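Please read the points alongside the coordinates.

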Amino acid sequence: ILFEEGNYAEISIGRLNPSVSGELTFPLLGAPVGTSSGNMLGNETFGAFKIKTDINENLVFAFVIDQPVGATIGYPTSTGYPYGGSTAKLRSTAATAYLRYKFNESWSAYGGLRAQQLKGNVGLFTGYTLETNKDRDFGYTLGVAWERKDIAARVSLTYNSAISHTLDSTEFGGSIAPVTLESQFTTEIPQSVVLDAKTGIAKDTLLFGSIRWVDWSEFNISPPLYVAGVGEPLVQYASDTITYTIGLGRRFNENWSGAVTLEHEPQSNDFMGNLGPIDGRTGVGLAATYAFDRYEITGGVRYSWLGDAKTALPGRTNPVTGGRVQLASFTDNTAVSFGLRFGVRF
């Protein structure tokens with residue numbers, strides 16, 4: 001939004017509908033190999049508000065409210081899958097204030113301060129439960145951009161800092177340990193780096209893309225009672241992610257324009273957690289924009305093929321190899337997302 005012309009504001013809403021299920025590869029709690037988990041990811045609705053204004057010829061201000069991370073997990077109880085009835089929710093809200101300074105027609109730098117709120121809860125089939133408070137902490141954004149307006153070209157590099165949350169937690173151990181523990185633990189929403197680029201390639205035609213790295217290997221959720229009983233974090237990732245996006249935009253007339261995007265995040269082939277059994281993705285998106293007077297309305301849809309994932313049996317290792325014991329295989333999963341954005345210039 002820092003690069004919009006003039007004063008501008010927008011509000012957007014999105015809906016994500018995933019379909020993620022797997023099958024046991026290790027018999028557990030009487031459930032045989034091949035038992036299906038059923039769809040274990042819930043639908044998500046998310047929104048954002050953004051506003052940008054020019055302070056003077058060189059200085060730009062923007063303010064953004066969004067929901068940077070979130071998850072809704074719910075294993076069905078009717079399939080006989082061991083994790084049946086397990087649930088988890090993670091919710092966040094962030095407010096970020098940005099400033100961008102234009103050195104000249106080509107170069108600019110920008111930065112921002114972000115306040116982020118995080119809260120979560122978990123309930124596992126073992127009777128284990130976790131409830132956290134709403135914790136608010138701060139991070140920052142730094143970036144630099146180069147532009148050439150006569151060919152609609154821009155390249156920007158943005159760094160988003162990690163934000164560390166210290167969460168007050170209440171745990172009940174269930175079959176892990178039938179006690180209640182009130183304590184604290186720290187989790188870090190990881191740092192990221194994004195390279196964005198766009199350029200005109202013909203009249204009314206734009207080529208654009210991005211490369212986004214996220215330091216997910218630094219992320220974990222480690223409530224002390226769960227870690228003491230199981231011997232590992234509740235949620236963790238072994239590898240970082242890199243997501244590639246490329247797209248083509250086309251203006252058809254004074255009112256209508258459209259775009260198609262392709263997205264790919266390679267698989268890591270690591271064991272994924274039972275609360276997040278997705279490893280990479282590939283998606284295709286379509287969007288259309290209708291502009292009139294001072295207003296713009298954009299609608300879009302994206303279909304994603306989610307990467308196959310394997311999950312491990314928590315707290316268990318193979319006595320022969322010393323490696324993880326595979327619990328389940330999640331394959332042939334997909335997600336459909338929809339978005340609507342309304343913008344106005346003032």
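1. A salt bridge is a side-chain nitrogen of Lys or Arg within 4 Å of a carboxyl oxygen of Asp or Glu. The model is predicted, so local features need pLDDT of at least 70 and side-chain atom pairs count only at pLDDT 80 or more, while totals for chains, interfaces and linings use all residues. Residues are numbered from 1 along each chain as its sequence is written, and side-chain values use heavy atoms, with hydrogens and water left out.

2. Asp54 forms a salt bridge with Lys52, with 2.9 Å between the closest N and O atoms. Lys52 is buried because its relative accessible area is 1%, whereas Asp54, at 31%, counts as partly exposed.

3. The structure holds 13 salt bridges. In one of them, Glu5 and Lys149 meet at 3.7 Å, N to O. This pair links distant parts of the chain, 144 residues apart: Glu5 is in the segment before β1 (8–19) and Lys149 in the loop between β9 and β10. Both Glu5 and Lys149 are exposed.

4. Glu44 forms a salt bridge with Arg91, the closest N and O atoms lying 3.7 Å apart. Here strand β3 (residues 44–54), which holds Glu44, is linked to strand β6 (residues 87–102), which holds Arg91; the two residues are 47 apart in the chain. Glu44 is buried at 13%, and Arg91 is partly exposed at 37%. Separately, Glu263, Glu265, Arg281 and Arg302 are linked in a network of salt bridges.

5. A nonpolar patch on the surface has about 980 Å² of accessible area together, and its residues include Trp107, Trp146, Leu195 and Tyr244. Such a patch joins nonpolar side chains (Val, Leu, Ile, Met, Phe, Trp, Tyr) within 5 Å, from residues with over 30% relative accessible area and no salt bridge. β9 (135–148), β10 (153–160) and β17 (241–251) each give two or more residues to the patch. Leu195 lies in strand β13 (residues 192–202) and is partly exposed at 36%.

6. What lines the largest cavity? A cavity is a set of points on a 1 Å grid where a 1.4 Å probe fits but cannot get out, and lining residues have an atom within 4 Å of a point. The lining is Val235, Gln236, Tyr237, Gly273, Leu275 and Gly276. About 40 Å³ of space lies in this cavity.

Methods
1 Å grid on protein atoms, 1.4 Å probe; cavity = no way out; pocket = protein on both sides within 12 Å on 5 of 7 lines; lining within 4 Å. Points joined across faces, edges and corners; volume = space filled by probe spheres on them. Patch = residues over 30% accessible without salt bridge, like charges linked within 9 Å, V, L, I, M, F, W, Y side chains within 5 Å. Areas by Shrake-Rupley, 256 points an atom, 1.4 Å probe, with all protein chains shown as cover. Helix = DSSP H or I, 4+ residues; strand = E, 2+ residues; numbered from the N terminus. Buried < 20%, exposed > 50% of the residue type's maximum accessible area, 1.4 Å probe, protein only.
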